[in-house]
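Work through these exercises with the model open. Each task is followed by a stepwise solution.

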Amino acid sequence: MKVFVTGATGFLGSHVARVLADQGAELRLLVRPTSNLKNLEGLLSPGTKAETATGDLRDAASLEKAMSGCEAVFHVAADYRLWVRDPAEMYRLNVEGTRAILEAARKNGVRRVVHTSSVATIGFTDDGSSANEDSPVSLANMIGPYKRSKFMSEQIAMEAGRSGMDVVTVNPTTPVGEQDVKPTPTGRIVLDFLKRKFPAYVETGLNLVDVKECARGHIAAFERGRSGERYILGGENLTLKQTLDKLGEITGLPSPTVKLPYVVAFAAGVVDEAITGWLLNREPRATIDTVRIGRKMMFASSAKAERELGWKIVPVEDALRRAVEWFRTNGYV
């Protein structure tokens, strides 16, 4: 089977590509002329069944050409940043890019598409209980351009799956592990801890999932998922403090003991966004939107994926340990 993969140069996408390669699939990996190919090392060696195709999510013609002859599509690529100077660019990539991928798949007669959404589109509860695929949610609940764009792209994918195309959506929670080259906002939590930039913490929670398991979940969704449905691929529900404590146990570094009140965290977000973002034109460590998002415990249930995909929840310690080792080995610390 020939499989077209977007986002294979990134964190989660590179793991999806490797799982597919291990299962014997022929791969065509979408790359841009400026893409960093570090995460493709080994995949493109002589004798492997993987090739690159140059294109861009903003160029529909390039996608249609690159996808030619492929039987399946894994659309993993996304602009995953919690602050952008120009939100319109994020919408072009995440929303219109998804629309273009689905149209190219339709024109090429692709058998099935797996669309990677995000747990960010789930309706989290105010009481901290675990949300699921049926938790009430709307676009109005989405904070910031990243969450809004992922919600909109997910709606496009699910509607396509209910209207004749074979499209399954997966919602990874918070992947963690090696090969986080950018790094993602999740990887920055680990990296900031290693750099001792966590003097205090806020009262929030995340569901952490091993990136390797999450990649395997994508293949399970391709094999068993129902078209037009979405599946949360999650792991352990942990408060930020519990995550930092685990990192402390792995690294021997001290975990912060000071809890930052919400009003202080919000003020820090205002200052960091103004100075780092708007004055220095760099992505801030703290933003107004991230603080607002963090007011809810982002705990999630993967029960539906367990029932329908054979998904299994595994402890996250090994993934955290691999992330620490990878950042250290690759000179990030």
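**Exercise 1. Salt bridges within helices**

Task: Find the salt bridge between Lys241 and Asp245, and explain how their places in helix H7 relate.

Solution. 
- Step 1. The side chains of Lys241 and Asp245 form a salt bridge, with N and O 3.1 Å apart. The term requires a side-chain nitrogen of Lys or Arg within 4 Å of a carboxyl oxygen of Asp or Glu.
- Step 2. Both residues sit in helix H7 (residues 240-251), four residues apart, so about one helical turn separates them. Helices here are DSSP runs of H or I with at least four residues, strands are E runs of at least two, and both are numbered from the N terminus.
- Step 3. Asp245 is partly exposed, at 28% relative accessible area. The classes are buried under 20%, exposed over 50% and partly exposed in between, with a 1.4 Å probe and protein chains only.
- Step 4. Now take Arg99 and Glu96, whose side chains meet in a salt bridge at 3.1 Å, N to O. They lie three residues apart in helix H3 (residues 87-107), about one turn of the helix.
- Step 5. Arg99 is partly exposed at 42%, and Glu96 is partly exposed at 40%.

A note on the model: it is predicted, so local features need pLDDT of at least 70 and side-chain atom pairs need 80 or more, while totals for chains, interfaces and linings use all residues. Numbering starts from 1 along each chain as its sequence is written, and side-chain values use heavy atoms, without hydrogens or water.

**Exercise 2. A salt-bridge network**

Task: Which residues are linked with Asp86 in a network of salt bridges?

Solution. 
- Step 1. Start from the pair Asp86 and Arg92, whose closest N and O atoms are 3.8 Å apart.
- Step 2. Asp86 is partly exposed at 41%, and Arg92 is partly exposed at 37%.
- Step 3. Asp56, Arg58, Asp86, Glu89 and Arg92 are linked in a network.

**Exercise 3. Strand E9**

Task: Is strand E9 (residues 205-210) enclosed or open, and which strands pair with it?

Solution. 
- Step 1. Six of its six residues are buried, so E9 is largely enclosed by the rest of the structure.
- Step 2. Sort the side chains by face. In a regular strand they alternate between the two faces of the sheet. In E9, Gly205, Asn207 and Val209 are on one side, Leu206, Leu208 and Asp210 on the other, and all are buried.
- Step 3. Look for partners; pairing takes at least two DSSP bridges between two strands. E7 (residues 174-176) runs parallel to E9, joined by three bridges. Val176 has Asp210 as its bridge partner.
- Step 4. E11 (residues 236-239) pairs with E9 in the antiparallel sense over four bridges. Here Gly205 is partnered by Thr239.

**Exercise 4. An aromatic cluster**

Task: How are the rings of Trp326, Phe327 and Tyr332 arranged?

Solution. 
- Step 1. Rings of Phe, Tyr and Trp (its six-membered ring) pair with centres within 6.5 Å; planes under 30 degrees apart are stacked, over 60 edge-to-face, and the rest tilted. The count is five aromatic pairs.
- Step 2. Trp326 and Phe327 have ring centres 5.7 Å apart and planes at 70°, so this pair is edge-to-face.
- Step 3. Trp326 and Tyr332 have ring centres 5.2 Å apart and planes at 40°, so this pair is tilted.
- Step 4. Trp326, Phe327 and Tyr332 form one aromatic cluster. Trp326 and Phe327 are both buried.
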